[in-house]
Amino acid sequence: MGQKEIEREMMEESGKKMEQKEKVEQDEERIMGYRISDVVSCIGKQEDDYIRRFRKLREKRRTFNICAALFGYHWLVYRLMVVEAVVLIVVDLVAEIFLPALLLGGMGYSGGAVVLGGVCTLLVVVVQFVVMGLYGDQIYWWHIKGLMDSFQCRDKGKDSQTQSELRRLGGASVPMVLFCIVLTVMIRKACKILVARWLLGI
């Protein structure tokens with residue numbers, strides 16, 4: 001083998017190593033220890049926006065999620081955070097139905113009880129708006145982090161099968177929101193009937 005052929009093979013080998021190094025560096029671009037490709041697989045829609053938001057969280061910069069603030073548990077359901085959505089639905093039911101009913105039951109059917117019940121409900125709504133707006137992105141990151149941790153994404157290399165599972169379990173779902181709307185309407189009606197029967201002593 002001639003000298004030129006040896007040099008050519010060495011250059012080709014060096015070029016391949018450089019390409020592999022660049023590929024690894026690109027593949028290992030991470031947010032808080034997790035590959036961006038894995039995070040994107042969990043997000044689904046609007047991944048660019050949420051990648052930007054998560055980078056701000058990494059830098060300890062505050063973000064405000066207007067969708068989370070306005071839509072509350074509907075946004076949580078849309079992003080498939082079912083457990084968190086159930087917690088918020090319970091808070092909504094307590095603030096909207098049970099708290100005013102307790103005030104009416106304890107204070108009687110007076111104008112003061114009605115006003116106080118309305119004020120308490122409004123206060124809970126405002127607090128929920130602020131908390132969900134300020135911490136919505138953080139809640140979503142905890143959800144995604146838990147999903148990635150269940151597949152040990154932090155400890156292993158890029159895996160197309162794992163990313164396929166992350167896309168299946170993550171993302172967003174409009175049908176889930178529609179189901180949530182129907183279900184919560186039914187639950188609200190049932191709760192109002194129960195409260196009315198309790199207040200009337202039936």
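Arg52 counts as partly exposed, at 40% relative accessibility; on this scale buried means under 20% relative accessible area, exposed over 50%, and partly exposed in between, using a 1.4 Å probe and protein chains only. The model is predicted, so local features need pLDDT of at least 70 and side-chain atom pairs count only at pLDDT 80 or more, while totals for chains, interfaces and linings use all residues. Residues are numbered from 1 along each chain as its sequence is written, and side-chain values use heavy atoms, with hydrogens and water left out.

Let us stay with Arg52 for a moment. Its partner in a salt bridge is Asp49, with the closest N and O atoms 2.4 Å apart; a salt bridge here is a side-chain nitrogen of Lys or Arg within 4 Å of a carboxyl oxygen of Asp or Glu. Both residues belong to helix 3 and are three residues apart, about one turn of the helix. (Helices are DSSP runs of H or I with at least four residues, strands are runs of E with at least two, and both are numbered from the N terminus.) Asp49 is also partly exposed, at 23% relative accessibility.

Next comes Arg53, which forms a salt bridge with Asp137, the closest N and O atoms being 2.9 Å apart. This pair links distant parts of the chain, from Asp137 in helix 7 to Arg53 in helix 3, 84 residues apart. Asp137 and Arg53 are both buried. Asp49, Arg52, Arg53 and Asp137 are linked in a network of salt bridges.

Arg53 has another neighbour to meet: it lies over the face of Tyr50, at 5.9 Å from the ring centre. For such an arrangement, NZ of Lys or CZ of Arg must be within 6 Å of the ring centre and within 35 degrees of the ring normal.

Tyr50 takes us on to the aromatic rings. The structure holds seven aromatic pairs, where rings of Phe, Tyr and Trp (its six-membered ring) pair if their centres lie within 6.5 Å; planes under 30 degrees apart count as stacked, over 60 as edge-to-face and the rest as tilted. Tyr50 and Tyr140 make an edge-to-face pair, 5.1 Å centre to centre with 80° between the planes. Here too distant parts of the chain are linked, with Tyr50 in helix 3 (residues 47–58) and Tyr140 in helix 7 (residues 111–150), 90 residues apart. Tyr140 is buried, at 1% relative accessibility. The rings of Trp75 and Tyr140 have centres 6.0 Å apart and planes at 75°, so this pair is edge-to-face as well. Since Trp75 lies in helix 5 (residues 73–78) and Tyr140 in helix 7, the pair ties together parts that are 65 residues apart in sequence. Tyr34, Tyr50, Phe54, Trp75, Tyr140 and Trp141 form one aromatic cluster.

Helix 2 (residues 36–43) is our last stop: six of its eight residues are buried, so it is largely enclosed by the rest of the structure. Cys42 is among those buried residues, and its sulfur is 6.6 Å from the closest cysteine sulfur, in Cys153, too far for a bond.

Definitions and conventions:
Disulfide = S-S within 2.5 Å.
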